[in-house]
Amino acid sequence: MSEAYIHALDWSPPGLGKHKRSVLAVLTSNHILSIWECVGKPEIATDWVRSCVINHALQAHYKDMDKRDPEEGEHDHLERLRAKQRIRAFTWSPSPPDPSLSGASGDCTARSPYLAVSNDRGEVLIIRLQTPYDVLEPETSQWTLSVAETFSVDVSETKQSPLSACMPVTFKWRSPFVDQLAWSPWALDSSNTLTSILAFTLQSSLQCTSVKLNELGTHTDVVTTSSALLLGEISDTQATGCMKWASKLNGTKEAFLVYPTRKSFYCLQAQPGLSLDIQISAQEINTPWDEIAGTSYTVWMPRKPLTNR
């Protein structure tokens, strides 16, 4: 029996599963990320099935892309590959809007969402998912996963461990890894190119990159820019899983991110599609909070003015 427990879970945007339902991504403590979907009634346990394992996409990707160096031992090579396949964090992209709807967000039946994951080698990978329920790909009979884009994160030399060379082989190939990911809503620029912001934390820093979807006929290329450092030294980062973007852009097409820690509350505003000119504000907390388990936005509805009758 496996002793792994659930480390994180999150619903996909609607439309990815059967009958336009959402599917559930579940990350367990043994660094396995699985996609679960309900094929019948949600209240019946046996109607939930594991549709695919995201680690398999990483395994296939590195099998083709990561070849063993002649000076590298076979055992070391296998351990390095295992580290690249261990998933530390993940986040769904919001459903990309349909340009024909003036940027209105829809479900996944028009455009499939993406999944960003981080591994034990300081890399972030963007996974493209195709499902057997995709109306645009009716010939697809099973879940298909592929790596659409990958990038390595920047780690300051002062933060790199000098002990890696003398560590046991299990830890030798472990690099500082991204422990939180958050994906902003999409925005359409003047050329109808979809752009969003992928924010992530690495040790005590907060960084981000722009993600663009370039339409090339029937194919879509995922392109990321160089990472930008937003906050270099965050003193207390005990807020795993709590960094979150608001689900919609505001009236000026800005995305809004909150990142709470025990001692501070950070707020970021930026316009996807433009240069990463991000406004950052911080509010110190007089009495430190306990470790935060989760955060959620509420929808603010302005009151209608009262009228005399």
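Tutor: Let us settle one term before we start: buried means under 20% relative accessible area, exposed means over 50%, and partly exposed is what lies in between. Please also keep in mind that this is a predicted model.

Student: OK, what is the mean pLDDT of the protein?

Tutor: The mean pLDDT is 80, and 79% of the residues reach 70 or more.

Student: And where does pLDDT stay under 50?

Tutor: That happens over residues 158-171, for which the model has 14 contacts beyond four places in sequence. Where pLDDT is low, the predicted coordinates should not be read in detail.

Student: Switching to salt bridges, how many does a search of the whole structure find?

Tutor: The search finds three. One of them joins arginine 82 to glutamate 79, with the closest N and O atoms 3.0 Å apart, and both of these residues lie in helix H2, three residues apart, which is about one turn of the helix.

Student: Is arginine 82 buried, exposed or partly exposed?

Tutor: Arginine 82 has a relative accessibility of 42%, so it counts as partly exposed. Glutamate 79, with a relative accessible area of 13%, is buried.

Student: While we're on H2, which of its residues are buried?

Tutor: The buried residues of H2 are His77, Glu79, Arg80, Leu81, Ala83 and Lys84.

Student: And what span should that helix have?

Tutor: H2 covers residues 74-85, and at 1.5 Å a residue its twelve residues should span 16 Å; the end C-alpha atoms are 17 Å apart, which agrees.

Student: Back to the salt bridges, what does aspartate 120 do?

Tutor: Aspartate 120 forms a salt bridge with arginine 86, where the closest N and O atoms are 2.8 Å apart. This pair links distant parts of the chain, since aspartate 120 sits in the loop between strands S6 and S7, arginine 86 sits in the loop between H2 and strand S5, and 34 residues separate them. The side chain of aspartate 120 also meets that of arginine 88 in a salt bridge, at 2.7 Å from N to O. Here too distant parts of the chain are linked, with arginine 88 in strand S5 and aspartate 120 in the loop between S6 and S7, 32 residues apart. Through shared partners, the salt bridges join Arg86, Arg88 and Asp120 into one network.

Student: Are those three buried or exposed?

Tutor: Aspartate 120 counts as buried, because its relative accessibility is 0%. Arginine 86 is buried with a relative accessible area of 18%, and arginine 88 counts as buried at 16% relative accessibility.

Student: New topic: which strands does S17 pair with?

Tutor: Strand S16, residues 255-260, pairs with S17 in the antiparallel sense over six bridges, and S17 also pairs with strand S18, residues 279-284, in the antiparallel sense over six bridges. Between S16 and S17 there are three residues, and the two strands form a hairpin.

Student: Which residues face each other there?

Tutor: Alanine 255 stands opposite alanine 270 in S17, while glutamine 269 has glutamine 279 in S18 as its bridge partner.

Student: Why is S17 called largely enclosed?

Tutor: Five of the seven residues of S17, which runs over residues 264-270, are buried, so the strand is largely enclosed by the rest of the structure.

Methods. Residues are numbered from 1 along each chain as its sequence is written. Side-chain values use heavy atoms; hydrogens and water are left out. pLDDT is the predictor's confidence in each residue, from 0 to 100. Contact means heavy atoms within 4.5 Å. Buried means under 20% relative accessible area, exposed over 50%, partly exposed in between (1.4 Å probe, protein chains only). Helices (H or I, at least four residues) and strands (E, at least two) are DSSP runs, numbered from the N terminus. Two strands pair if DSSP finds at least two bridges between them. The expected span of a helix is 1.5 Å times one less than its number of residues. A salt bridge is a side-chain nitrogen of Lys or Arg within 4 Å of a carboxyl oxygen of Asp or Glu.
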